[in-house]
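Let's take a walk through this one, from the overall layout down to a few individual side chains. Have the coordinates open as you read.

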Amino acid sequence: MPPRQVAAVPDGLESGKDFPIVCDVCLGPNPYIRMIKQVNHKECKVSGRVFTSFRWRPGAGARYKETVICPEVARAKGVCQCCLMDMEFNLPVGLRDALLRGTDEGDNFAPQSGVNQTYHYDQVAKANREDVEASYGKMANEKLLKMARTSPYYDRNLPKLCSFWLKGQCTRVVESTCPFRPCCGSYRFPELAGSNPEGMKTLIAALDQLGPLKVSKRMCDALDLIVFAR
């Protein structure tokens, strides 16, 4: 069984109420971060329940992240409140559910809608937190164990790639106000590491030498070949 990916809750804080239920990747490698807590601020994307949301920046080169589902759903499904990745195997929850479908563990998933869903998450909120989370800790099969990710992948926290920059149409790069890559100054392209490593090296070298504005204007046609080559 791979180690749990859930981030440790600081002493004196309650998980889900004072601190989000998130994975180590979403929290980032820096142990000292500033987190914004907003009580009863957002509506859960799954259950529609109002919950206390959290917003933070995992690191200097990362984008801001926030919780999108309530802690009851996160505990019941065993997923991160931010990225919705499975806490045990660090895999997309849709993939995990598909592999477990038809098994004894997969038959115990929560209702999808209606009064039954409201009742289910009300019971999760009243139940003992350790008992709810332990139910997903026992789920495993051979395929899940083989696909489990044991090391954190922090590149998932990088800013999104600027689609306007790829087309040579980003106007915010001139004023250095664009929050997306590479306009923001982040020249890392993990999405190209496996598909086009040579193109990634060429692009990073050009950005270091010319900057994102000149590269966007001079290499507009070549960017499509580098980034979208698969």
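Helices (H or I, at least four residues) and strands (E, at least two) are DSSP runs, numbered from the N terminus. On that basis the chain has ten helices and three strands. Read from the N terminus, the order is α-β-β-β-α-α-α-α-α-α-α-α-α. A word on ground rules: this is a predicted model, where local features need pLDDT of at least 70, side-chain atom pairs count only at pLDDT 80 or more, and totals for chains, interfaces and linings use all residues. Residues are numbered from 1 along each chain as its sequence is written, and side-chain values use heavy atoms, with hydrogens and water left out.

Now the sheet. Strands of a sheet pair through backbone hydrogen bonds, either parallel or antiparallel. Here three strands make an open sheet in the order E1-E2-E3, with antiparallel pairing; two strands count as paired if DSSP finds at least two bridges between them. Strand E1 (35–43) and strand E3 (65–66) are the edges, each pairing on one side only. Strand E2 (residues 50–56) pairs with E3 over two bridges, and Arg 55 has Glu 66 as its bridge partner in E3.

Next, the chain as a whole. Of its 230 residues, 40% count as buried, meaning under 20% relative accessible area, with exposed over 50% and partly exposed in between (1.4 Å probe, protein chains only). Contacts (heavy atoms within 4.5 Å) tell you about the fold too: among those with a separation of 6 or more, 54% link residues 24 or more positions apart.

Gln 81 is buried, at 0% relative accessible area. Beyond residues up to four places away in sequence, Gln 81 touches a list that includes Pro 20, Val 22, Phe 51, Thr 67 and Ala 74. The side chain of Gln 81 also reaches the backbone oxygen of Ile 69 at 2.7 Å.

What about disulfides? A search of the whole structure finds zero, taking a disulfide as a pair of cysteine sulfur atoms within 2.5 Å. Cys 26 has its closest cysteine sulfur in Cys 83, at 3.5 Å, so that pair is too far apart for a bond. For Cys 82, the closest cysteine sulfur is in Cys 26 at 4.0 Å, again too far for a bond. Cys 26 is buried at 0% relative accessibility, and Cys 82 is buried at 13%.

Terms used: A polar contact is a pair of N or O atoms within 3.5 Å; within protein, one must be able to donate a hydrogen and the other to accept it, and residues adjacent in sequence count only if both atoms are side-chain atoms.
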